[in-house]
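Please consult the sequence and the model shown here alongside the text.

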Amino acid sequence: RDPEARLASPCLAHLLPPATLAALADSWLQEDCPGLNYVALVSGTAPSQAVLWAKSPGVLAGRPFFDAIFAQVNCQVSWFLPEGSKLVPVAKVAEVRGPAHCLLLGERVALNTLARCSGVASMAAAAVETARGTGWAGHVAGTRKTTPGFRLVEKYGLLVGGAAAHRYDLGGLVMVKDNHVMAAGGVEKAVRAARRAADFALKVEVECSSLQEAVEAAEAGADLVLLDNFRPEELHPTAATLKAQFPSVSVEASGGVRLDNLPQFCGPHIDVISLGMLTQAAPALDFSLKLFAEGATPVPHARRS
């Protein structure tokens, strides 16, 4: 099975520790309402229900975060679509029930999180589809270019969209960047220090700007070489030469990769293509949460006479 064929996989939610979900949900709610919630006196506490509508196309992602937010405010969510579903607007996605003031307290925080996560998943799915369209079978991956405090959501969105999350944090892979090389006094010194730090448990990846640096990194013990900001016409012969000398070294391409030029970076000697834009440039999907009266037919737009 394609390791990136993860759309709609029910297992991905199991990656998220319940305590972490609860802590994140609590922090987001605290940010939105750190003190008095005056509008609660307007909405009241009567049992209420609302429908979640998807109003733009894309991939649904972020159900566990949405659930965790409403759990914090004593509301229950019932889903009509599984994680990873392709959304065709206007789609009825879920129903939320709980006291009116609690439901509305969680509304904006839950919508923000779901919209952002689904946007990342949609962008990731588009990138994977584009790459697969060329016949390339490597890994489309994200980066550490994530929103501070929101990394778990965005990394999870990448996975739902079918991309690889790449390293989650600095402890997931010893990546030697250009500034590390400068600080260490050269590629060989930097890689040997990284190799000692990594020991047997972690892989070492080295960012390189030339074939000479890539060969030096591989000779020093790098497991992966990141060919950064190479033009496609330079990338592929460089990767081919490196692989001929070091067939066990994996090659990652990054820098300047977009959806429109992604096919140019796909090639037989490229193992990973990482794109910061999957998280940095993903537009949020449009969702709304509309209350409706018990027994009435829910509609995506509130109607008032």
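The sections below treat the basis of the analysis, a salt-bridge network and a separate pair.

## Basis of the analysis

The model is predicted: local features need pLDDT of at least 70, side-chain atom pairs count only at pLDDT 80 or more, and totals for chains, interfaces and linings use all residues. Residues are numbered from 1 along each chain as its sequence is written, and side-chain values use heavy atoms, with hydrogens and water left out.

A search of the whole structure finds 10 salt bridges, a salt bridge being a side-chain nitrogen of Lys or Arg within 4 Å of a carboxyl oxygen of Asp or Glu.

Arg97 forms a salt bridge with Glu95, with 2.8 Å between the closest N and O atoms. Glu95 is buried at a relative accessible area of 14%, whereas Arg97 is partly exposed at 33% (buried means under 20% relative accessible area, exposed over 50%, and partly exposed in between, with a 1.4 Å probe and protein chains only).

Arg97 also meets Glu294 in a salt bridge, at 3.1 Å from N to O. This pair links distant parts of the chain, 197 residues apart: Arg97 belongs to strand β5 (residues 91-99), and Glu294 to the segment after β12 (287-292). Strands are DSSP runs of E with at least two residues, numbered from the N terminus. Glu294 is exposed, with 57% relative accessibility.

## The Asp260–Arg258 pair

Asp260 and Arg258 form a salt bridge through their side chains, with an N to O distance of 2.9 Å. Asp260 is exposed at 58% relative accessibility, while Arg258 is partly exposed at 43%. As for shared partners, salt bridges join Glu95, Arg97 and Glu294 into one network.

Note on methods: Helix = DSSP H or I, 4+ residues; strand = E, 2+ residues; numbered from the N terminus.
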